[in-house]
Amino acid sequence: MSESLLAEQPYRTAFHFQPPQNWMNDPNGPMCYNGVYHMFYQYNPFGPLFNLRMHWAHSVSHDLINWIHLDPAFAPSEPFDINGCLSGSASVIPGGKPIMLYTGIDTKNRQVQNLAFPKDLSDPYLREWVKHTANPIISLPEEIQPDDFRDPTTVWLAEDGKWRLLVGSQRDKTGIAFLYQSDDFVNWTKSDSPLHKVSGTGMWECPDFFPVWVDSTNGVDASVINPSNRVKHVLKLGIQDHGKDCYLIGEYSPEKEHYVPEDELTTTTLRLDYGIYYASKSFFDPVKNRRIMTAWVNETDSEADVIAKGWSGVQAFPRSIWLDKNQKQLLQWPIEEIEMLHENEVSFQNKKLEGGSLHEIQGITASQADVKISFKLANLEDAEEMDASWFDDPQVICSENDASKKGKFGPFGLLALASNDLAEQTAVFFRVFQKNGRYVVVMCSDQSRSSTKDGIDKTTYGAFLDVDPQQDEISLRTLIDHSIVESFGGGGKTCITARVYPTLAIGEVARLFVFNYGTESVVISELSAWSLKKARLNVEKP
């Protein structure tokens, strides 16, 4: 990024996906077809603010890093989507033909489900799409409000030879994942019972339903049901009332059309990310046999700032996802292609960080970096007891104990996008407590000092990290990209994404530190950091 452009647009990202201008939100229909990756997304071509008459923008890539922006795949144009083309999913059906299922807002402002397919399969970029003449293929159920029925999932094939899909909904604050089946993709029948529903949770947006191996980090195609009990199913739900992506792990029985999660959906349900990360969508990548997920990361500055920038929204860096060995949670990790952008590696081992100390990571571009650290702790019997007034809420713990508040074990971690005088800094760190004879690790992302600007959301985020610091080191990986800080704790067990808008710590003058403000020393067993080159984002010329 040139210095002149950086001065004008200091918050545009270098390796996170975003369109050249205007508003972007949900990722739609990501897929890999004939070795080409496709990213569709909700897009307002008329400006940087939200507009319900959404278009489906379209970009393609050969490596999920460098992208070519194409013309929009489709726009509101027909009675079944004239008031907006909302979110949906891609599926590749027998014969290798891709299809899109998406929500349209019809002439009566009802949300209905529609089918589209490529006009020319010989075009490697699938530039043009055709809406099926039978649309809408799924109409609004009688008992559902017109604007509470959207976001069809990728389809899967059950053993009875029929295809299934889910549509998100609600009725009287009961979140619902409606289940439909079809044998031709055009005529769909709603099952007598939803796949799952939970009272009091409100609208379920952008559902995702996919299998994961219990004994492998590889991905699984959506139509693999449960060979030899080697698969569990993940139901991911966007809880509209809270703007959070939660997920359940459980058993799916296609014979009974039933899904039984191991835990119920509550305020403590697992989240994909404990910061800003919503409307996520995953897909199976047959090229590398993995499941990949991305999500919308919205702006947290003011509307006036958005208008001045001329753009809004980025996509999270793509993550490989798989089931942890304990089968209780997903692990998420930046896709390996990020290494294409690595340069200027800095590394060291076995460095002791005394209490109250800082160590600058020099030799890399601090505003555009990938950092991996592992911390080793000793004498944990001296750890503080967890305060009962925190109600076991990590958000409260991190908010009341920001990076400036000394404890015993913690805070220790990274100061990202820091200014020379540390007036600006985004702190990503850990604290270790004792509770009922065991150790509790809390991971925090503290944006309270991220910018000297006013009118910005500087919420601090927090989550528990399921590691035993007696047995395991505490690891952190953080991707820093000008206005986004994505952090992965414990090898991807806990993820926190933040948006920040520094005014001092910009470009080449931004600094990066590893720190320990606790009273007890910690050891950095290993640290590796890289500058990241800028990804190529090209616009296809007519």
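Predicted model: local features only at pLDDT ≥ 70, side-chain atom pairs only at ≥ 80, totals over all residues.
Local features were taken only at pLDDT of at least 70 and side-chain atom pairs only at pLDDT 80 or more, whereas totals for chains, interfaces and linings use all residues. Residues are numbered from 1 along each chain as its sequence is written, and side-chain values use heavy atoms, without hydrogens or water.

Strands of a sheet pair through backbone hydrogen bonds, either parallel or antiparallel. Strands and helices are DSSP runs numbered from the N terminus (E, at least two residues, for strands; H or I, at least four, for helices). Two strands count as paired if DSSP finds at least two bridges between them. An open sheet of 6 strands has the order 25-37-27-33-34-35, with antiparallel pairing. Strand 25 (342-353) and strand 35 (494-499) are at the edges. Each has a single partner strand, so one side of each is left without a neighbour in the sheet. On average, neighbouring strands of this sheet are turned by 10 degrees against each other, direction ignored. Axes here are lines fitted to C-alpha atoms (for helices, over the stretch in contact), and angles between N-to-C directions run from 0 to 180 degrees. Within the sheet, strand 27 (residues 368-376) and strand 33 (residues 474-481) are joined antiparallel over 8 bridges. Ala369 has Ile480 of strand 33 as its bridge partner.

Another open sheet holds 4 strands in the order 15-16-17-18, again with antiparallel pairing. Its edge strands, strand 15 and strand 18 (258-261), each pair on one side only. Neighbouring strands of this sheet are turned by 35 degrees against each other on average, direction ignored. Strand 15 is joined to strand 16 (residues 231-239) by 8 bridges, and the two run antiparallel. Here Asp208 has Lys236 of strand 16 as its bridge partner.

A nonpolar core is a set of buried Ala, Val, Leu, Ile, Met, Phe, Trp, Tyr and Cys residues joined through side-chain atoms within 4.5 Å. Buried means under 20% relative accessible area, exposed over 50%, and partly exposed in between (1.4 Å probe, protein chains only). The largest nonpolar core has 65 residues. Val371, Phe375, Leu377, Phe430, Val432, Ile474 and Leu512 touch the most other members. Leu377 touches Phe409, Phe412, Val432, Ile474 and Val522, not counting residues up to four places away in sequence; contact means heavy atoms within 4.5 Å. Another core, of 24 residues, lies apart and includes Ala57, Ile338, Leu479 and Phe488.

The whole structure contains 28 aromatic pairs. Rings of Phe, Tyr and Trp (its six-membered ring) pair if their centres lie within 6.5 Å; planes under 30 degrees apart are stacked, over 60 edge-to-face, and the rest tilted. The ring centres of Phe40 and Trp129 are 5.6 Å apart with planes at 90 degrees, so this pair is edge-to-face. Phe40 lies in strand 2 (residues 36-44) and Trp129 in strand 8 (residues 129-131), 89 residues apart. Phe40 is buried at 0% relative accessibility, and Trp129 is buried at 9%. The rings of Trp156 and Phe209 have centres 5.1 Å apart and planes at 55 degrees, so the pair is tilted. Trp156 and Phe209 are both buried.

Two charges sit over Trp rings. The criterion is NZ of Lys or CZ of Arg within 6 Å of the ring centre and within 35 degrees of the ring normal. The charged end of Arg230 is 4.3 Å from the ring centre of Trp213. Lys309 lies over the face of Trp311, 4.4 Å from the ring centre.
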